[in-house]
Amino acid sequence: MALAGSAGAGGRRRARLRSTAMAVARFLVVVALTYLGLLAVTFFIGRVIPVDPVLAIVGDRAPSHVVERVREELGLNLPLYQQFVIYVGKALTGDFGISVLTSNPVMTDIRRVFPATLELATLGTLIGALLGVPLGVLAAVRRGSFLDQIVRVIGLVGYSVPIFWLGLMALLVFYARLGWVEGPGRIDVVYEYTVTPVTGILLLDTAMQGEWEAFRNVFGHLILPASLLGYFSMAYISRMTRSFMLTELGQEYVVAARAKGLSERTVIWRHALRNALVPLVTVIALSYANLLEGSVLTETVFSWPGLGLYITDSLQNADMNAVLGGTIVVGSVFIGLNLLSDLLYRVLDPRTRAR
Amino acid sequence: MTNDAQTWRAWLTSERPASRRQARLGRAYAAWSRFADNRLAMAGLFIILALLLVAVFADMIAPYSAVTDGDLRTARLLPPSAMHWFGTDDQGRDIFARVVHGSRITLFVVILVAVIAAPVGLLIGTIAGYAGGWVDAVLMRITDIFLAFPRLVLALAFVAALGPGIVNAVIAIAITSWPPYARIARAETLTLRHADYINAVRLIGASPARIIARHIMPLCVSSVIVRVTLDMAGIILTAAGLGFLGLGAQPPSPEWGAMIASGRRFVLDQWWVAAAPGVAIFVVSLGFNLLGDGLRDALDPKAAGQ
Amino acid sequence: MSALLHVENLRVSFPTRSGMVEAVRGVSFTLGRERLGIVGESGSGKSQTGRAILGLTPPHAHVTAGRLVFDGIDLLAASEKERRALRGKRIAMVLQDPKFSLNPVMRIGEQIMETLAAHGRGSGAEARRRTLAMLEAVQIRDPERVFNLYPHEVSGGMGQRAMIAMMLVAEPDMLIADEPTSALDVTVQLQVLSILDRLVAERGMGLIFVSHDLRLVSSFCDRVLVMYAGRVVEEIAADRLHQSQHPYTQGLLNCLPKLGQSHHPLPVLDRKPEWAA
């Protein structure tokens, strides 16, 4: 009897393991398909471009045999599907070609500029989540109160104001008029060579090397664009948090928690928020991805030497390799964040685990 | 007169409508009265109507030309005054006139994107939802792939390939904005697919194309419209962003985003050059957001307040 | 037998678009250490009566009463903090469906221990021991395993037993059971009821059993209140139910199918506006 029971449990465990493996496999296929779709779109964009890539390299006065040779070297005389296969192979190894503007491999350039974007977007999301979640919770708890109205206004403004314009106005007020923060750029030239780049995250680099004066300077440059991104992130996160919390606060388990004699604080922050956190993780990941993407506009305004500025600079100079490489990197980050939020969802919600 | 109005109201709010037309009008009246109760939604509607009027009568409203340069010696970068309400820009042009004329470009973008993206999404969503099986799987996989993309960066890449310009910007935005509509239309279709009246139509012998076009799509339209209205602000902001980066409307066109870009150089001393078009974008986006929220609450009372 | 709870002229109303809607309209009764059933159709105000006693009425609703006294404590005058101290510790409530009334992201043991922690009744090892003992008391055979399970991993009957354990672990004097078996399979309904019955009897608790099921209530309770449209239309001892005077109660009784009798035509419940007046 006992034996049969344990065998059953073992079988169940094995079945559970198999279904988990299936879920993981399906998940990986979806990720791979999405990534392939991304590459297909960028490949398509690279091919419909009206500028002939060969002429862009050799110039339009080159003799025809030179043009032919370059065309062959670039693999442009192959059938389209073969070109795509080669393209995918190269993209998977991080080979996006050479940037016309900097003459470096695009991947090298991106590796150099990406930490700046990461630093900005991460700080922005931190600000947005740390303020947005509590604000959204309080707005839901005190529905219709003054605070709820404020959260509503924050949300509406965040959904309606152009980020690049607000950035310009913020520079005007806080940098030019009030002098509270440093201006555009990431660090003053004076400090540029006092720190050796290790992580590329300047806040970390300066702190690790004990360059506190440079740290203050870096912080002064960072705080305005990060607060700006943080505001937009907060607008989104607080609005979603409010909506999720309203749903959770109407559930029966909240009544049960109150009937147990739990304090309102415990009911809200431990019971309701823990449930609201499950969909919120996706929202925060999405907001992080949006900030990375929004960097295209913010970095232009603040002359922030990150991926966004790199993409727009390349755009102005018709450097398609760099533009498409940057697009693929941003797209990969999107896919990665989607993947991450899916995994976190599984961790936070026991119902999705081990089904 | 008041008596007349009262009978009308009674007819509209009747619990027992005598005809299909009366029922339909009654439902529209109920939605409208819910909408009209919402002061913010009415403010949104007012803003959008104002935008329409300004765009139509731009030539009459604007006191100066929007594109011809002013006198570069006397009219350059003037601060706001009674003569030039919003000041003048670096080419000596009246900013108020440019903002007023810019409303046409904004309206053009908004309408064109809606006209392209919404039907595409509607079509893909209803077909996927009605057909089911592998058609659904393939179409939704494509939709999901597009949803997982960074929209702005992708639009950038498209415009970079197609070349800068307002029409290309619109195409790029439309290409990246149809997936949510497909999702919504599919979800609605799935709830309708096995409804008895659809089965009845099928039994009569209607073709799938006819069922989708005549019986399913009309019922998906209202939720797609709500979503499109809510998305309008995002579309305006994306278009302005492309303009700001120099990829949308080209000078001397008075596109608001491009105006902010040209004002960027003077923002520290002549702030008004960049300020006015930004406020214009903000107000119009706000209008669409308020209108969209109001529409959603009026058409779907269940989701109200969320 | 001194009375545990006095309710006099209890009224609960909700503001809506079309004016105030009264869910409970002047309900009065007293409860000793006995089992009192409250029966009515959905919307009769029976659940709101239970919630008002616990102080769990939604904040936008109005609650008034001539008297609302629990064991010498005037609930109307008590502060929110005092009322909270009563909840779970002296008055508890079992809700209808464990699928919704247990927190889906917390382990069952954790949720039961929380009741103890909220009232300062031991923590850590002691709370864990009492929780396991309570799980055993509701006839869960493998308490250690269930302690670590999430609500979705147990059956409805098991979940409702966990719910009862969660509400009784702090040994309250009074329990309000709001349709505690309606969401369960018929086969486990009786099990859960007998567990509830035994615990209430052993601990000498007062019980308010809210249900729409007249037969269940009459077999399970000492006394029955029949509610209609927010009012008590009849109060009667359970074993004298067949002698009931009120046509509504008789109507409810006639709805119950009996073996060996013709069911045609099916009886229809009569509702007269004057009963609600």
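## Report on the interface and annotated spans of chains A and B

About 4,000 Å² is buried between chain A and chain B, and carbon and sulfur atoms give 74% of this area. Buried area here is the accessible area (1.4 Å probe) that two parts lose on being put together, summed over both. The structure is a predicted model, in which local features need pLDDT of at least 70 and side-chain atom pairs count only at pLDDT 80 or more, while totals for chains, interfaces and linings use all residues. Residues are numbered from 1 along each chain as its sequence is written, chains are lettered from A in the order in which they are written, and side-chain values use heavy atoms, with hydrogens and water left out.

**The interface**

Chain A contributes 50 residues to the contact and chain B contributes 42 residues, contact meaning heavy atoms within 4.5 Å. The rule finds 1 salt bridge across the interface (a side-chain nitrogen of Lys or Arg within 4 Å of a carboxyl oxygen of Asp or Glu). A:R239 and B:D293 form a salt bridge, with their closest N and O atoms 3.4 Å apart.

On the side of chain A that touches chain B, the elements giving two or more residues include α1 (2-48), α9 (212-249) and α11 (264-301) of chain A. Helices (H or I, at least four residues) and strands (E, at least two) are DSSP runs, numbered from the N terminus. The most residues on this side, 9, come from α1(A).

**Annotated spans**

In an unreviewed entry, UniProt lists residues 103-292 of chain B as "domain: ABC transmembrane type-1". This span of chain B is 83% helix and 0% strand, and its end C-alpha atoms lie 19 Å apart. UniProt annotations may be inferred rather than shown by experiment.

| Span | Helix and strand | Distance between end C-alpha atoms |
|---|---|---|
| Chain B, residues 40-58 | 95% helix, 0% strand | 26 Å |
| Chain B, residues 152-176 | 88% helix, 0% strand | 8 Å |
| Chain A, residues 120-141 | 100% helix, 0% strand | 32 Å |
| Chain A, residues 322-345 | 100% helix, 0% strand | 34 Å |
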